[in-house]
Amino acid sequence: MTLRPILIHPDPRLKTVCKPVGDLTDDIHRLAEDMLATMYDAPGVGLAAPQVGVLSRMLVMDCVKDPEAKPRPMVLINPQVIWASDDRSVYEEGCLSIPEQYAEVERPAEVAVRWTDLNGQQQEEQFDKLWATCVQHEIDHLDGKLFIDYLKPLKRQMITRKMVKLKREQARETERG
Ligand code: K2U
Ligand code: ZN
């Protein structure tokens, strides 16, 4: 497997509506493996394909946070939210594509999601707590939506300006070698 570089906002690929995954080719299996490795390495509890520059509808997540518990790596292909609770929950979200920035986002507390797994089997599951927040955050990525899009314009612009500065500094470092 290969760790893939994570795109940093602002980047047009992070604002793109991704295309459904077709055949489950070797490339798709390799991408899923690389995305899980990249997620664990970050570390994060979720990662969407556009974050590693692949504009396809696939995400990975593992919201098991207890280091003693058994991890639960999940690969969701062409995921769809088929039900969302009226109850909503607020979570302080972050994003691997918007490093070191956190803000409260309100979302449905529970969602039911339907997807295809790596074996081509259709799956359906109801998520709550961090799993619910994460899967909604990742599906937003597949629709070119970032958690900062839920914030007030001033706050969003402040975060975007910080990321532009960060990318400029990173580019300078790369040039300096
Ligand atoms: O999509 C991503 O950038 C991965 C996020 C997913 C996520 C964001 C907010 C809330 C839940 C999941 C990374 O996991 S960011 C790191 C992180 C880790 C634990 C809890 C919140 C954020
Ligand atoms: Zn994110």
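Predicted model: local features only at pLDDT ≥ 70, side-chain atom pairs only at ≥ 80, totals over all residues.
I take a polar contact to be a pair of N or O atoms within 3.5 Å; within protein, one atom must be able to donate a hydrogen and the other to accept it, and residues adjacent in sequence count only if both atoms are side-chain atoms.

**Entry 1. Contacts of ligand 1**

I looked up the oxygen atoms of ligand 1. One is 2.8 Å from an N or O atom in the side chain of Glu138. For the side chain of His137, I noted 3.1 Å between an N or O atom and an oxygen atom of the ligand.

**Entry 2. Shell around ligand 1**

I counted a residue as near the ligand if one of its heavy atoms lies within 4 Å of it. On that basis 16 residues surround ligand 1, and Val45, Gly46, Gln51, Leu96 and Glu138 are the closest. I took helices (H or I, at least four residues) and strands (E, at least two) as DSSP runs, numbered from the N terminus. Strand E4 (88-93) and helix H2 (129-142) each give the shell at least two residues; H2 has the largest share, with six. By class I found six nonpolar, seven polar and three charged residues. Here Ala, Val, Leu, Ile, Met, Phe, Trp, Tyr, Cys and Pro count as nonpolar, Asp, Glu, Lys and Arg as charged, and the others, Gly among them, as polar.

**Entry 3. Largest pocket**

I used a 1 Å grid over the protein atoms alone, where a pocket is an open set of points at which a 1.4 Å probe fits, with protein on both sides within 12 Å along at least five of seven lines; lining residues have an atom within 4 Å of a point. Ligand 1 takes up the space of the largest pocket (more than half of its atoms lie within 2 Å of the grid points). This pocket holds about 690 Å³. Its lining has 29 residues, and Pro43, Gly44, Val45, Gly46 and Leu96 are the closest to the centre. H2 again has the largest share, here five residues. I recorded 16 nonpolar, six polar and seven charged residues in the lining.

**Entry 4. Backbone**

I noted a cis peptide bond from Ala42 to Pro43, with omega near -5°; Pro43 lies in the loop between H1 and strand E1 (46-48).

Methods: Residues numbered from 1 in each chain as written. Chains lettered and ligands numbered in written order. Heavy atoms only, no water. Points joined across faces, edges and corners; volume = space filled by probe spheres on them.
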